[in-house]
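Biologist: Could you walk me through this one slowly, please? I am still new to reading structures.

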Amino acid sequence: MEKIKQNALVKKVGFNRIVLICVLLLMYLAFCILTGGAFFGISRITNALNYAYFLGFLSLGVTFVIATGGIDFSIGPVMFCCALVSGYSLTTYGVPMALSLIMSVLIGVLFGTFNGYLVAYWKVPPFIVSMASMNIAKGIAAVFTKTQSVSWPQASAEGGWYRNFVNMNGFPVGLVVFLVVAVICAIVLNQTKWGRYILCLGSNEEAVRLSGVNVKRWKMLAYIICGTLVGIASIYFVAAYTTVQPGYGDQYNNEAIAGCVMGGTSMVGGLASISGTVIGVFIISLLQQGILALGFTKEYQYIITGLIVIAAVYADVSARRRKN
Amino acid sequence: MVKKRAFGKLKGREVMVLGIIVAMVILFSFLSPTFRTYPTLVSVLDNSYYITLMALGVTFPLITGGVDLSIGTGLVSYALIGGYLIIHMDMPVGVGILACIGMGLLIGVFNGVLVAVMDLPPFLATLCTCMITRGLGPALCGGFGVSWPSALSESGTFRKIFKFTTAGGTVVPIGIIFIVILVLIMSYVLNHTRVGRYTIAIGSNKEATRLAGVNVKFYHMLAYIISGLFAGLAGVAYAATYATIYPGAGAGFELDAIGGAIVGGVSASGGVGSIVGAFLGVIVICLMKVGLPFIGLQANWQQIFTGIVLIAAVLVDVVKKKK
Amino acid sequence: MGEVILTMKDIDKSFPGVHALDHVDLEVRKGEVLALMGENGAGKSTLMKVLTGIYKKDSGTITYEGKEVEFKNTREAQDAGIVIVHQELNMLGHLTVAQNLFIGREFKKGIQIDDKRMNEEAKKLFDRLNVSIDPKETMSNLTVGKQQMCEIAKAVSFDAKVIIFDEPSAALTESEIEEMFKIIRDLKKKDIAMVYISHRMDEIKVITDRVTVMRDGTYVGTLITEECTKEDIINMMVGRVIYEDPKTESAVPKDAPVVLKVEHLNAGKMVQDVSFELHKGEILGFSGLMGAGRTETARALFGADPKESGDIYINGQKVTINTPQDAVDYGLGYLSEDRKRYGIVVQKTVAQNTTMAFMKNFMKGIFIDKKKETDVAKEYVDALATKTPSVEQLVVNLSGGNQQKVVVAKWLARNSDILIFDEPTRGIDVGAKNEIYKLMNKLVAEGKSIIMISSEMTEILRMSDRIVVMCEGKKTGELDIAEATQENIMNLATREIA
């Protein structure tokens, strides 16, 4: 075991990541066998992935927030708020598609800024901010749409081109976009000042402050990045599902956080891995769809995801305790 | 003397919230004549029962400096299971009610173990249980909604605890009596028993409490058990008020309760809080819920206002602490 | 004088790298107040922790009421009647006074806590001690002084026979101290033995019967308070032979320009009207006892904590420093005494910590120039002789001395000209200490200026060109190294409060 850990290649990729990839592959294999090949083949995989991208963006976003040692569980409802408000504008007020998409992202940014400002500058506990903005997002969406669900255009309809973001003539555009965004996120987190400060302040905010760094600004930035990605996620959500209903979205919080925590991002902050999050999200998505494919209802998804997050967080907590 | 301190004297925050309630009632009544009617009062109370019960329970984890986010989806889940037993398994209503409360207790223990024994961050641990309870009810009951026995049927007597219709057709919301009794009991528990004392002590300074020889793990866990128990009771109240339980509902209910508690002066950072305050805070939330449509605003404005009020309430504490 | 109630004999205790207690003796008698004195780190607190079971002794015997004892924890010591009144208070701010006094051992009436009886008992207790505190008051509403009284009352309520006061007066006002003395005199009459740890010479004279002095983990001697003078005690406290050569004269030329001038700095109780100047190439030592306000002065100067008033001039220019950001921009660097909390991000690499204060300089467009980062970090690793396998090593894996060097590197990489070293060698072993000293001398030779806060007398005398002494939040004196001696520094550091 120790020998494997010392191997140069293993060290480079990271032992935990290799374990995660193995888990992913084994799960895939298991589901292929159990479902009699429901996931087997490229087209089936990409088809399954269509419903996973939005979760991926959410997970990437919340990774930044968790890296600062905070939490944001308003992301699901905020994503719905983005999709509902811009979708309603599109269908009812005739706002052009391109503008609606931009609007989606902007609403996400707005919520991110709001959350970040309250957490960083006013020192309101993140979980209170999350609760409040979850409520506000749901309220705004419901008020704006008069509590009606919104259906974005079908692929064949006018303005249906946005669905090409997910899949164009069988080519998985969504996968490419998701991976590109993930790479950008990884670069931001590891290669830029932004990411450096976000990670450092998640580890030891006071030491960073005493180094003459404006920690509030960087902390807020993490929430803004998260909000932006939530906005993008909303586009991928409607592109996959078209219909959005006000009052929902909560369940995606957990799934997104699950992907993040499974990927090795620590709840106490300072330790985050984008590649881990990506693999984590794939595992969660596979699990979600595998459960359905096996004939279980989505209720089992909730229960299993909940238990997995608990296990992942417990592993994180006990690993830290052992170190101390 | 002790009694007087507990029930007779309201704290500053409680008086303030009471003032807000009065102001809201006056404002709504002024703007809308239909608000000033008896059915509206009944409607406010109907809306408040399950939220108040949740708030009574969740105040305990909040005072320890934690939170319980699982109560909302929890209560729907428990009511679903209870109703399933009555309707589909032909169990007596009593068993259904007990099952509802029992499930709440069970999840409370689960949360307590996660937070107090395994040391997980409370908001994350209970966010997970929130998801789990959301799936649990439908998973156990086949994913369909259930209707608890109607008030008119023989086995619907339990609903009369909350609302009683006289021969003349007048509705008497006697549930409020039941609620007030529970408020008094929990206020007593918080202020005059070791359970309450150590709950406050843990929220105030956990380490010092441990050094004083208190079994901190046990009392910390107990806070979550109380929260679970009251989520179970809230499930019964919800079933009694709304009869039909839809699977998957309940997300966001917890925010009304936690928001109410925090508006009522329970500190988000622990150590401070009163049951009466939490109760009054819930009334504020329910007034918004019921009252806003009367002044021409959609009911969902309540959610937006709740969010804003929640942050405002916490900001008041933050600013106070800065001073 | 009463009979002996507690004897500690030949107590020996070592921590890795430190011989904290070297065969120490202590004897306490019924109805007396025994002062336990010594410089910071002399071993007073360690001795008391050994007594109450927080630390396990390596050898020696403790005899209490005629029997040999060894307590496993404070609880056992408490049950036997030995109670510590801590300097930092273990209070539950949200509960009332009575609730605090009886936490964990409440009176009950059925399932109900008998608050009424607890209030009565607390009242009785306070009456007996002659203090006026409302048992029903919320603890956080009391002044620190009153809270301290509550701690003492709590100790008494355990039927204590020996009470240890660990710097009880540090946070009290004079009238509060007077009140506390009244209680102590009362307790004396009740034949309770007390150990009083304090730096305040005037208090020692007023309230104690005997003084036991410790130095560098050893027992020096015991005097009868009435028969000794302040000078006697100071001589016992500092009377060590200094092996390292102390500086005999300042290395700074007379005409060296003033790089930093602080005038009338005020920040709370711990920083009152502090003024000083720092010359280019100088090491300005800040001496004083624990709680003298030196760290607070540094933090206020650096913008880490808010200040009420005061002017700061850098190179003759008046500047405004409200945040650490401002300070860093003006070329200040602060090396905290608590490196792990305030100095470094332990979960990050040596290179990342080195560049943290000056990311601007390590950017290539929007990207971090990792090559430059690594190169510069390596440069400093070599220059400071930091022992680390590579600059990619996580700082948590380095020893204390090397962590300190990483913090130094951080400020050097920032081109900081004025460095504030707060206890630069705390928790660092002897060999590494000398390296840090060499490094500091090298830095000033290169034209940097250093403020060095230190509680170690030898360090102050060895390194400083000039010494500022503080006591109780005020500057009490300034000495040139040529005129500084252990005795006159200690004299200033323990100046009586007027």
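Predicted model: local features only at pLDDT ≥ 70, side-chain atom pairs only at ≥ 80, totals over all residues.

Biologist: Okay, so what is the secondary structure of chain C?

Modeller: Chain C has 17 helices and 24 strands, where helices (H or I, at least four residues) and strands (E, at least two) are DSSP runs numbered from the N terminus. The C-alpha trace of chain C spans about 70 × 55 × 45 Å along its principal axes.

Biologist: And what share of chain C counts as buried?

Modeller: In chain C, 49% of the 498 residues count as buried. A residue is buried if 20 or more other C-beta atoms, placed from the backbone, lie within 10 Å of its own, exposed if 12 or fewer do, and partly exposed in between.

Biologist: Switching to chain B, how many helices and strands does that one have?

Modeller: Chain B comes to 13 helices and four strands, and 58% of its 323 residues count as buried. For 323 residues a compact globule would have a radius of gyration near 20 Å, so the 19 Å of chain B agrees. The C-alpha atoms of chain B fill a box of roughly 60 × 50 × 40 Å, taken along the principal axes.

Biologist: How do helix 5 and helix 6 of chain B pack?

Modeller: Helix 5 (residues 93-117) and helix 6 (residues 122-141) of chain B pack at an angle of about 150 degrees, and their axes are 9 Å apart. That makes the two helices of chain B roughly antiparallel. Axes are lines fitted to C-alpha atoms, for helices over the stretch in contact, and angles run from 0 to 180 degrees between N-to-C directions; angles under 35 degrees count as roughly parallel, over 145 as roughly antiparallel, 65 to 115 as roughly perpendicular and the rest as oblique.

Biologist: Which residues of helix 5 and helix 6 of chain B make the contact?

Modeller: From helix 5 of chain B come B:Ile107, B:Phe110, B:Asn111, B:Leu114 and B:Val115, and from helix 6 of chain B come B:Pro122, B:Ala125, B:Thr126, B:Thr129 and B:Thr133. Two residues are in contact if their C-beta atoms, placed from the backbone, lie within 7 Å. By class, this contact of helix 5 with helix 6 of chain B has six nonpolar, four polar and no charged residues. Here Ala, Val, Leu, Ile, Met, Phe, Trp, Tyr, Cys and Pro count as nonpolar, Asp, Glu, Lys and Arg as charged, and the others, Gly among them, as polar.

Biologist: Now the neighbours: how many residues of chain B are in contact with chain A?

Modeller: On the chain B side 39 residues are in contact with 40 residues of chain A. Helix 6, helix 11 (253-263) and helix 13 (301-322) of chain B each supply at least two residues of that side, and helix 6 of chain B gives the most, with 13 residues. The residues of the side of chain B that touches chain A divide into 27 nonpolar, 10 polar and two charged.

Biologist: And which elements of chain B give two or more residues to the side that touches chain C?

Modeller: There, 18 residues of chain B are in contact with 16 residues of chain C. The elements that give two or more residues are helix 8 (194-204) and helix 9 (206-211) of chain B, and helix 8 of chain B gives the most, with five residues.

Biologist: Is helix 8 of chain B mostly covered or mostly uncovered?

Modeller: Helix 8 of chain B is mostly covered, with nine of its 11 residues buried; among them are B:Arg197, B:Tyr198 and B:Ile200. The buried residues of helix 8 of chain B pack against elements including helix 3 (38-63) and helix 7 (175-192) of chain B, and helix 3 (97-101) and strand 8 (112-113) of chain C.

Biologist: Last one: where is A:Glu205?

Modeller: A:Glu205 sits in helix 10 (residues 193-210) of chain A, and A:Glu205 counts as buried because it has 20 C-beta neighbours inside 10 Å.

Conventions: Residues numbered from 1 in each chain as written. Chains lettered and ligands numbered in written order. Rg over C-alpha atoms; globule rule 2.2 N^0.38 Å.
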